[in-house]
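Dear colleague,

I am passing on the structure below, together with some notes on helix packing and on a pocket. Please bear in mind while reading that this is a predicted model.

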Amino acid sequence: MELGFSSLSLFMKSLEEILDIATKDGFNLIEILCEGPYWPRNLLSQENNSIKRIDGYDVRLNNMDLEIFESYDIKVMLHSPTIDLNPASMNEGIRKETERQTKEALDLANKIGAIAITTHPGIIHRKEERIRNLAIRFAIDTLSKCQNHAEDLGVTFSIENMPNKQKFLANSPEEHRYIVEKVGSSATIDWGHANTYENPNEFLLIDNISYFHLNDNMGKKDSHIPLGEGSADFSYDFLKNVKRGIIELNSYEDVLKGKEYLINIINHHK
């Protein structure tokens, strides 16, 4: 299993710092969360200044920074911007902006040689079945345009399953599979999200899984607690399904503990 972590745990550090830490601690993968200072439109900008002040931090932004990925033997994934975006929105303007920013993330992935990019399928705000059905149609339309762009660039586009809450699309294996198949994309399986569903292993039956997000919870709330501290199945039988895993936690200390936890399970069965 190739193992990495989300830059969420090192948020606000420079890309170079994140890559250095990943290399030092022996990770094979890294997923860059494209929010805040790592917003694709900023990273792709042609600004002359290499330092920009964002929320009190000096953040290096220009294209020279993107060349550093060539210096590291680490496979890179991206998580597209999702905050305040929604491919399933009833508001056409929000859908179009979501498409625009997702395509920009795909452009960034292409520029830095990222092997895959994950995005969310969308949310709804009313419990009516007709509204959900319409939202699914909107999501498929928006994300299909992004999938076409990904194919043009040669980047894997991957749609993530979501927690088992009514407001989320792809909150069940059936709906996740349906959206992925209609879009023609790959699937990212968030194992913590799956753990909020009654039969998490059903998510493993979805074709074309690109990689996994690994986090834990107690089965009710998407709490992203450290691996092994909740009820999610991290047995060897499950880990055999994970060719590429991204530990997705808020604390880098917990990321390292999670890495050790997984390696101990795998080594125990060698």
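In this predicted model, helix α5, which covers residues 129-153, packs against helix α6, residues 173-183, at an angle of about 40 degrees and with the two axes 8 Å apart. Because angles under 35 degrees count as roughly parallel, this value makes α5 oblique to α6, and the crossing in which α5 passes α6 is right-handed. On the α5 side the contact is made by Arg132, Ile136, Ile140, Leu143, Ser144 and Gln147, and on the α6 side by Glu175, Tyr178, Ile179, Lys182 and Val183. By class, the residues of this contact between α5 and α6 comprise 6 nonpolar, 2 polar and 3 charged.

Helix α5 also packs with helix α4, residues 92-112, here at an angle of about 25 degrees and with the axes 10 Å apart, so that α4 is roughly parallel to α5. The crossing of α4 and α5 is right-handed. From α4, the residues that make the contact are Arg95, Glu99, Thr102, Lys103, Leu106, Asp107 and Asn110, while α5 contributes Phe138, Thr142, Lys145, Cys146, His149, Ala150 and Leu153. The residues of the contact of α4 with α5 divide into 5 nonpolar, 4 polar and 5 charged.

Sorted by class, the lining of the largest pocket holds 10 nonpolar, 11 polar and 7 charged residues.

With best regards

Methods. Residues numbered from 1 in each chain as written. Predicted model: local features only at pLDDT ≥ 70, side-chain atom pairs only at ≥ 80, totals over all residues. Heavy atoms only, no water. Axes fitted to C-alpha atoms, helices over the stretch in contact; angles between N-to-C directions. Helix = DSSP H or I, 4+ residues; strand = E, 2+ residues; numbered from the N terminus. Parallel < 35°, antiparallel > 145°, perpendicular 65-115°, else oblique. Left-handed = near helix turned anticlockwise from the far one by under 90°. Contact = heavy atoms within 4.5 Å. Nonpolar A, V, L, I, M, F, W, Y, C, P; charged D, E, K, R; others polar.
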